[in-house]
Amino acid sequence: MTLHIGGLGTVKPHFKFNAKADKWFVRGADGVDQEMGRPTFVADFDNIATGWLLFREGQAPERVIDASLSSPAPIPGEGYKRGFVLMAYSPKFFGGAAEFSSASTHVANAIRELYGEFEAERSAHRGQLPVIACTGSQAMRDKHGTNYRPIFKIAQWVDRPADLPDRSPVEPSEVWQGQAAPAQTVRTPAQHVPPPPPKAAVDEALF
């Protein structure tokens, strides 16, 4: 029987945006960060998670994830910042599926606005996910100096890739287990659901 202790020697592929340097990096199974160009990827916004993240140099991030998008967890301690965890897919930029997470205010604000666009358009693209293109960045000056905010746009919508599982990007042990306020039941009248639109041609060369 194997004891599940110590280092298992596996690294979950992920990518990140360095808001201070305006650069993108991807880390594969070899654990080495490699700089890449501005990526285009399929974003699994159906399963995005939000919560409190704590990043330390050279260590895996500590995360306390909200029970749901509408039930934020209480701050677990000093140094934690609000952020997100999202799975994405791009054979061209990441070699397949990879995790995208950040507690940067500028990155989080960009993702929050992008998620708003996703929610506004998703009813016209039932069963599909958006292809997100990073088209540039915007310099943001604050008390920490100059940082950069990525500029995103929805380039197209595609069916979920087979290599992008429809599941949460976080482990159950990372989700806050406290008691949330009981949700109120709101009754809404039945609405007509239009048939799905015809599928547009997909340019897989983008991602």
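How many bridges join β4 to strand β9, and do the two run parallel or antiparallel? β4 and strand β9, residues 128-142, run antiparallel and are joined by 3 bridges, where two strands are said to pair if DSSP finds at least two bridges between them.

Residues are numbered from 1 along each chain as its sequence is written, and side-chain values use heavy atoms, with hydrogens and water left out.

On confidence, pLDDT being the predictor's own score for each residue from 0 to 100, the protein averages 86, and 82% of the residues score at least 70. Residues 1-9 stay under 50, and the model gives this stretch 0 contacts beyond four places in sequence, contact meaning heavy atoms within 4.5 Å. Over residues 180-193 the pLDDT is also below 50, and that stretch has 2 contacts beyond near neighbours in sequence. Where pLDDT is low, the predicted coordinates should not be read in detail.

Now the overall layout. The protein has 1 helix and 10 strands, taken as DSSP runs (H or I over at least four residues for helices, E over at least two for strands) and numbered from the N terminus. In sequence order the pattern reads β-β-β-β-β-β-β-β-α-β-β. Among contacts between residues at least 6 apart in sequence, 64% join residues at least 24 apart. Of the 207 residues, 37% count as buried, that is, under 20% relative accessible area with a 1.4 Å probe and protein chains only, whereas exposed is over 50% and partly exposed lies in between.

Let me return to the strands. Val42, whose place is in strand β4, stands opposite Val131 in β9, and Val42 is buried, with a relative accessible area of 0%. Leaving aside neighbours within four places in sequence, Val42 is in contact with a set of residues that includes Met87, Leu129, Val158, Leu164 and Phe207. Val42 and Ile154 are 112 residues apart in sequence, yet their C-alpha atoms are 9.6 Å apart in space.

β9 in turn is joined to β10 by 14 bridges, again antiparallel, and these two strands form a hairpin with 2 residues between them; Ser137 stands opposite Pro150 in β10. Asp22, in the loop between β1 and β2, has a phi near 60°, a positive value in a residue other than glycine.

What about the helix α1, and which elements cover its buried residues? That cover includes β1, β7, β8, β9 and β10, and the buried residues of α1 include Val107, Ile111, Leu114 and Phe118. α1 has 17 residues and reaches 25 Å from its first C-alpha to its last, close to the 24 Å expected at 1.5 Å a residue, the expected span being 1.5 Å times one less than the number of residues.

Finally, the aromatics. A search of the whole structure finds 15 aromatic pairs, where rings of Phe, Tyr and Trp (its six-membered ring) pair if their centres lie within 6.5 Å, and planes under 30 degrees apart count as stacked, over 60 as edge-to-face and the rest as tilted. Phe41 and Phe94 form a tilted pair, 6.1 Å centre to centre with 45° between the planes. Because Phe41 lies in strand β4 and Phe94 in the loop between β7 and β8, the pair ties together parts that are 53 residues apart in sequence. Both Phe41 and Phe94 are buried.

Phe118 and Trp157, by contrast, are stacked, at 5.9 Å centre to centre and 20° between the planes. This pair links helix α1, which holds Phe118, to strand β10, which holds Trp157, 39 residues apart. Phe118 is buried, with a relative accessible area of 1%, and Trp157 is buried at 8%.

Definitions and conventions
This is a predicted model: local features need pLDDT of at least 70, side-chain atom pairs count only at pLDDT 80 or more; totals for chains, interfaces and linings use all residues.
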